[in-house]
Amino acid sequence: MHRLPLLSFALVAIFCSTSLAQNTKKKKKSQALPENVTVTRNLTYHSPNNTPLHLDLYLPDQKPANPMPVVVWVHGGGWKNGSKDRTPAPFLAQHGFAVASINYRLTDAGQWPDQINDCYAAIRWLRDHAEEYHLDPDHIGAWGSSAGGHLVALMGTRPYPGKESTSSRLQAICDWFGPSELLTMPPNNVGDGRTEDDVANSNGALLLGQTVYKVPDLAKDASALHHVSLEKQAAKPHPDQTARLPNVVVFLIDDMGVKDTSVPFLTDENGKPKRYPLNDHYRTPGMERLAKRGIRFNQFYAMSVCSPTR
């Protein structure tokens, strides 16, 4: 049985669309299932305002002896597009995992914090139905890209603010190029050719329901960077379980540039701050802020992704 001791990687996916002649759109083919994997589609996990939200559950054909750890896929699309139907995660069901690909409210149906609340609800549903589907409720991780990565990072760092009869905390996250700080994203700020109208209609503004820089507290609540601390990184599968640190929190390079980073944010084998060659090539103000708060990472993977604004 494979587990999720560490998920820390960053890739860029480039999707291309094609069209048929005479401007008729080509119908998307259904995503092929990996061999020896079955899927149960459109399981209702939450019905906010009487609108059902669904997830697809991918499982190995042959039930393993032990309950399966779960990976939850959260799709991207700028919080306004995208669907659970396209996910790279089902192959994990060939390796002993259960995979849940979820939909959540997009910005035409709700504003922050609706999106993250839907993600919390999906985790609760999986724990509540763990016995039915042979899932391990104590080993649930989440993986998402772009807007989905943004939500996944918050699922790992921002505890649900209310009371829960079933915990929504995670044991691992994998953030593929999701923005960690809305306030510093160029599309949310006037300048470099962007007007007030532009930023008022950015994806971030659609998410928050207001121009991002005008609601800094709300923007910080929707930014994982502001939720990272040594205390808040505790994962609690059950309310009575002793708090413990999660397996990993992933942040990508945010503001690429050939500039020096003066604050070392990596550690040696003894946990002490240490400079690495990466410090001389990447400027990472978000990581510097975490370092100044006493947070250290013992592994780090850097890759330039689709935008220097993450």
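Let's start at a turn: strand 1 and strand 2 make a hairpin, with six residues sitting between them. The two strands pair in the antiparallel sense, over seven bridges. If you want one spot to look at, find T40, which stands opposite L57 in strand 2. Keep in mind as you go that this is a predicted model.

N49 has a positive phi of about 55°, although it is not a glycine. Is N49 buried or exposed? With a relative accessibility of 66%, N49 counts as exposed, because the cut-off for that word is over 50%.

Now zoom out from the hairpin. Its strands belong to an open sheet of six strands, ordered 1-2-4-3-5-6, with mixed pairing. Strand 1 (37-46) and strand 6 (172-176) stand at the edges with a single partner strand each, so one side of each has no neighbour in the sheet. On average, neighbouring strands here are turned by 20° against each other, direction ignored.

Strand 5 (residues 135-145) and strand 6 run parallel and are joined by five bridges. Two places show the pairing: G141 stands opposite A172 in strand 6, and A142 has I173 as its bridge partner. How many residues of strand 6 are buried? Five of its five are, so to speak, under cover: the strand is mostly covered. That goes for both faces, with A172, C174 and W176 buried on one side and I173 and D175 buried on the other.

H134 lies in the loop between helix 2 (130-133) and strand 5. H134 has a positive phi of about 65°, and it is not a glycine either. H134 has a relative accessibility of 16%, so it counts as buried, the cut-off being under 20%.

Next, the helices. Helix 3 (residues 147-157) lies across strand 3, strand 5 and strand 6, and runs at about 140° to strand 5. Then there is helix 1, which meets helix 3 directly. Two packed helices are described by the angle between their axes and the distance between the axes. For helix 1 and helix 3, the angle is about 65° and the axes are 10 Å apart. The crossing is right-handed. Which residues make the contact? Helix 1 brings Q115, I116, C119, Y120 and I123, while helix 3 brings L151, L154 and M155. Sorted by class, that gives seven nonpolar residues, one polar and no charged ones.

In the loop between strand 4 and helix 1 you'll find P113. A cis peptide bond joins W112 and P113, with omega at about 10°. The other loop runs between helix 3 and strand 6, and S167 has its place there. S167 is buried, with a relative accessible area of 7%. Its side chain reaches the backbone nitrogen of R169 at 3.1 Å.

Terms used. Residues numbered from 1 in each chain as written. Predicted model: local features only at pLDDT ≥ 70, side-chain atom pairs only at ≥ 80, totals over all residues. Heavy atoms only, no water. Pairing = 2+ DSSP bridges. Helix = DSSP H or I, 4+ residues; strand = E, 2+ residues; numbered from the N terminus. Axes fitted to C-alpha atoms, helices over the stretch in contact; angles between N-to-C directions. Contact = heavy atoms within 4.5 Å. Left-handed = near helix turned anticlockwise from the far one by under 90°. Nonpolar A, V, L, I, M, F, W, Y, C, P; charged D, E, K, R; others polar. Buried < 20%, exposed > 50% of the residue type's maximum accessible area, 1.4 Å probe, protein only. Polar contact = N/O pair within 3.5 Å; in protein donor to acceptor, adjacent residues only side chain to side chain.
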